[in-house]
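This report looks at charged side-chain pairs and at pocket space. The sequence and structure come first.

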Amino acid sequence: MGALYNNFLGILDKLYKYLYLHTVSEKPIFWVASSLDDVRSFPEDARRLAGHFLHIVQQGLEPPDWKPMASVGQGVYEIRIHTRVEHRVFYLAKFSEGIYVLHAFQKKTRTTSASDIDLARRRLKQLVGERGSQRDQG
């Protein structure tokens with residue numbers, strides 16, 4: 001019985017080390033245009049949630065409340081932040097080099113405004129163009 005118990009403890013120790021000490025490689029965040037300043041302008045509670053949810057995305061996981069934003073572009077997602085007022089963060093995580101935050105804003109109506117969607121589209125188009133030109137040069 002002692003050998004079986006010691007074997008169990010050895011397995012448990014390896015499992016513990018893997019689950020709790022295993023470092024997860026995080027993708028860096030790249031802030032497009034004014035998106036960092038926009039998140040910084042959120043009230044403190046919304047800013048903290050935005051940071052926490054983006055950290056979850058950096059680890060390759062899904063934030064608690066999100067949806068795809070096909071209206072902006074393929075691979076773009078929206079993080080929904082619910083505090084006294086609503087806030088949204090549009091991001092793109094499909095590129096290997098990191099997470100791109102395209103747009104962050106306070107949502108004032110039930111539907112996302114066309115101007116917010118258009119702004120995120122323009123930033124996505126610019127990002128894709130810049131990535132293409134960097135590949136051509138390097």
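Arg-121 and Asp-118 sit 3 residues apart in helix H4, so about one helical turn separates them. The model is a predicted one. In it, Arg-121 and Asp-118 form a salt bridge, with the closest N and O atoms 3.2 Å apart. Arg-121 is partly exposed, at 38% relative accessible area. Asp-118 is also partly exposed, at 32%.

Salt bridges with shared partners also build a network. Glu-78, Glu-86 and Arg-88 are joined into one. The salt bridge count comes to 7.

**Pairs across the sequence**

Asp-45 pairs with Arg-84 in a salt bridge, the closest N and O atoms lying 3.1 Å apart. Asp-45 belongs to helix H3 (residues 44–58), while Arg-84 lies in the loop between strand S3 (76–82) and strand S4 (86–92), so the bridge ties together parts that are 39 residues apart in sequence. Arg-84 counts as exposed, because its relative accessibility is 70% and the cut-off for exposed is over 50%. Asp-45 has 27% relative accessibility and counts as partly exposed.

Glu-97 and Arg-131 make another salt bridge, at 2.6 Å from N to O. Glu-97 is in the loop between S4 and strand S5 (99–107), and Arg-131 is in helix H4 (residues 114–137), so this pair links parts that are 34 residues apart in sequence. Is Arg-131 buried or exposed? Arg-131 is buried, because its relative accessibility is 11% and buried means under 20%. Glu-97, at 29%, counts as partly exposed.

| Salt bridge | Closest N and O atoms |
|---|---|
| Asp-45 and Arg-84 | 3.1 Å |
| Arg-121 and Asp-118 | 3.2 Å |

Side chains of opposite charge can pair when their charged atoms come close.

**The largest pocket**

How much space lies in the largest pocket? About 160 Å³. Its lining includes Lys-27, Val-57, Gly-60, Leu-61, Glu-62, Pro-63 and Trp-66. Tyr-77, Tyr-91, Ala-93, Lys-94 and Ile-99 are also among the lining residues. By class, the lining has 8 nonpolar, 1 polar and 3 charged residues. Gly-60 is in this lining, and Gly counts as polar. Lys-27, Glu-62 and Lys-94 line the pocket too; Lys and Glu count as charged.

How values were computed: Residues numbered from 1 in each chain as written. Predicted model: local features only at pLDDT ≥ 70, side-chain atom pairs only at ≥ 80, totals over all residues. Heavy atoms only, no water. Salt bridge = Lys/Arg side-chain N within 4 Å of Asp/Glu carboxyl O. Helix = DSSP H or I, 4+ residues; strand = E, 2+ residues; numbered from the N terminus. Buried < 20%, exposed > 50% of the residue type's maximum accessible area, 1.4 Å probe, protein only. 1 Å grid on protein atoms, 1.4 Å probe; cavity = no way out; pocket = protein on both sides within 12 Å on 5 of 7 lines; lining within 4 Å. Points joined across faces, edges and corners; volume = space filled by probe spheres on them.
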